[in-house]
Amino acid sequence: MSAILTPQSLPAVLIVLPVGGACVLLAIGRWLPRVAIDSIATAVALIGVFVAGVLVHVTAGDRVVTWSGGWQPRPGLTVGIVLVSDRAAAALALLIAALTVCALLFGWRYFDDVQAHYHALMLLFLSGMTGFVLTGDLFDMFVFFELMGAAAYALAALKIEEPESVQGGLTFAVINSLGGYLALVGTGLLYARTGQLGLPQLSVALAGQPADILVRAAFVLIVTGWLVKAAAVPFHFWLADAHAVAPSPVCVLFSGTMAPLGVYAVARLYWTAFRSVVPETAIHRTLLVIAVATAVVGASMCVTQRHIKRMLAYSTIAHIGLFLLGLAALNALGLAGSGVYLAGHAAIKGALFLLAGALLNRYRSLDEVSLYGQACDRRLNGALFVLGGLALAGLPPFGTGLGKSLVENAGGQAWLTALVIAVSAVTGGTVLRVALRVYFRIGPPPPERQTAGEVVTGRDEQPDERPPTKYTPLPILAAIALLLAGGLALGSVPGLARASGPAAALFADPGGYTAQALGAAAAPPAGGVPETTWEPTGLILGFVSAGAACVVAFLALYASRLPWLVRRPSTAMGPVVAALHRLHSGHIGDYTAWLAFGSAVLAGLLILG
């Protein structure tokens, strides 16, 4: 085993292992009992957690470089595919594997009629996401983008007998495929211009060269593809439709890792290959505009939802905007903040989606209005839901609170801090509103009225497990508890918090990445290591945003009894909210038009600005 798991072999093992497990399940799964299928899939993902954990350990302050097929870099030659693993990439691979374990663990009692193809798709999804993170080759990023996309499309439309499931999966597939094709065209333009596909080779080829229009156009196209995957505004429309129909354990991976991978890819592409080509002012302005728009639109749509999974999906969009704010700072502290925030959000949001799945199983609904007071017999689940809402709002010492604090410090502007607090409070408060209504019957019954253009689904949905269970099964509670505990550990264990600083400094060192990938020695990062522990101001603002989330929940719960404070402003904003809902029409043609519009805006900001 030690001969197989050498440091250089670890990245390849992480990618190949799930593919092998999927092939085994597809080959013999029809003859295996369900418990054996669950056990094999979970065991493969657990081995992935172990291997990724070893990779995190060996990348402490360094990178692991693997040239596939035994090829080695030569001057003027680009043959061979390189995998480059630094601490940030290894930690993200570990997060992907850990979330997959929790999703599979939840599925032990969640599904009753799936065969081994579900488990095989989950493992292929795991392999695609891991390869996307670890590869140092731009074309291979597209290949792994398509691998995880193909698996994700099938998982989103798993309930193929339901028209809504097929529609959501189709929308997801079409929009993400268009984004992938734009990234492929951009990759082709770069190859035509430089003759290179590897990120380190591109860094060398572009260094010191004038930023001509072809290179910038290629950058725009590739970034557009990654921002589609990230569900950044105006490329975000597909995400809520996909989450609404996908099984809850699949949503754990969609919100926790798949969408945030788009943010990671933009950061990796810019810092590794394009930092010397794209002016800092242009990329800062572009990321800032997209981040603010994504955070505001996501939070606005989140608070106006009554379908619980759609609400959680729009919350993810809002937090994608906050991750992009960390990138927009263009410094190691912002990268560290986005990384910690991303990991903490993945754990908390994963737990909330699993709790939503338990609700669907027991009560055959995900409509907040019809579920009012229905889950009063599941107070433990309700307490976990409340805890998840507070953590989502940035309550210390959760990892979401620490990441939020670091992003605020990296931005360095009061209005950005206010925006982060407001978005955190609105999304966290919306989760609290649902928890208090559904599990504790707090507040008057919500009205049945519907916002113009609002998509109301969630009543009489078909769950994935039959018959409903009176009590939440132990594997499901274990998965939820593990995710919440992980989110807490990210902000409260000092070693985990401090480790994000060196990882971000190494990530933001393109010279070291290029040198090590091409076989040379790398100098220590020149920018210094940011401090990534709790500060008094961050603690105070974390409690402020959590308190503000409680206020948001209270106002939402008692809106009918507070006409001057809530109802009249809500009425005044009604046309705006209705227009926003109408934009999210569910029509693929509309979403394609927004993709084209977003690409043009991106080009204007990056090329003409």
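**Exercise 1. Which residues lie nearest the centre of the second largest pocket, and how many residues line it?**

Solution. This is a predicted model, in which local features need pLDDT of at least 70 and side-chain atom pairs count only at pLDDT 80 or more, while totals for chains, interfaces and linings use all residues. Residues are numbered from 1 along each chain as its sequence is written, and side-chain values use heavy atoms, with hydrogens and water left out.

Step 1. On a 1 Å grid over the protein atoms alone, a pocket is an open set of points with protein on both sides within 12 Å along at least five of seven lines; a cavity is a set where a 1.4 Å probe fits but cannot get out; lining residues have an atom within 4 Å of a point. Grid points are joined across faces, edges and corners, and a volume is the space filled by probe spheres set on the points.

Step 2. Read the lining. It holds 38 residues, and Ala91, Leu92, Leu95, Ala343 and Leu490 lie nearest the centre. The volume of this second largest pocket is about 1,000 Å³.

Step 3. Assign the lining to elements. Helices (H or I, at least four residues) and strands (E, at least two) are DSSP runs, numbered from the N terminus. At least two lining residues come from each of α2, α3, α10 (248–274), α12, α13, α17 (474–492) and α18 (494–507). α3 supplies the largest share, 10 residues.

**Exercise 2. Find the largest cavity and name the element that gives the most to its lining.**

Solution. Step 1. The whole structure has two cavities of 30 Å³ or more, and the largest contains about 40 Å³ of space.

Step 1. Its lining consists of Leu14, Leu17, Pro18, Gly48, Ala93, Ala97, Leu126 and Thr130. Two or more of these residues come from each of α1, α3 (87–110) and α4 (116–134).

Step 2. The element that gives the most is α1, with three residues.

**Exercise 3. Describe the salt bridge between Arg34 and Asp38, and state how exposed each partner is.**

Solution. Step 1. A salt bridge is a side-chain nitrogen of Lys or Arg within 4 Å of a carboxyl oxygen of Asp or Glu. The search finds nine in the whole structure. For Arg34 and Asp38 the N to O distance is 2.9 Å.

Step 1. Both residues belong to helix α2, and they are separated by about one helical turn because they are four residues apart. An α-helix has 3.6 residues a turn, so residues three or four places apart point the same way.

Step 2. Buried means under 20% relative accessible area, exposed over 50%, and partly exposed in between (1.4 Å probe, protein chains only). Arg34 is partly exposed at 24%, whereas Asp38 is buried at 3%.

**Exercise 4. Is helix α15 largely enclosed or largely open, and what follows it?**

Solution. Step 1. α15 (residues 399–411) has 13 residues and reaches 18 Å from its first C-alpha to its last, close to the 18 Å expected at 1.5 Å a residue. The expected span is 1.5 Å times one less than the number of residues.

Step 1. Of the 13 residues, 11 are buried, so the helix is largely enclosed by the rest of the structure. Among the buried residues are Lys404 and Glu408.

Step 2. The residue after α15 is Gly412, whose phi is positive, near 70°.
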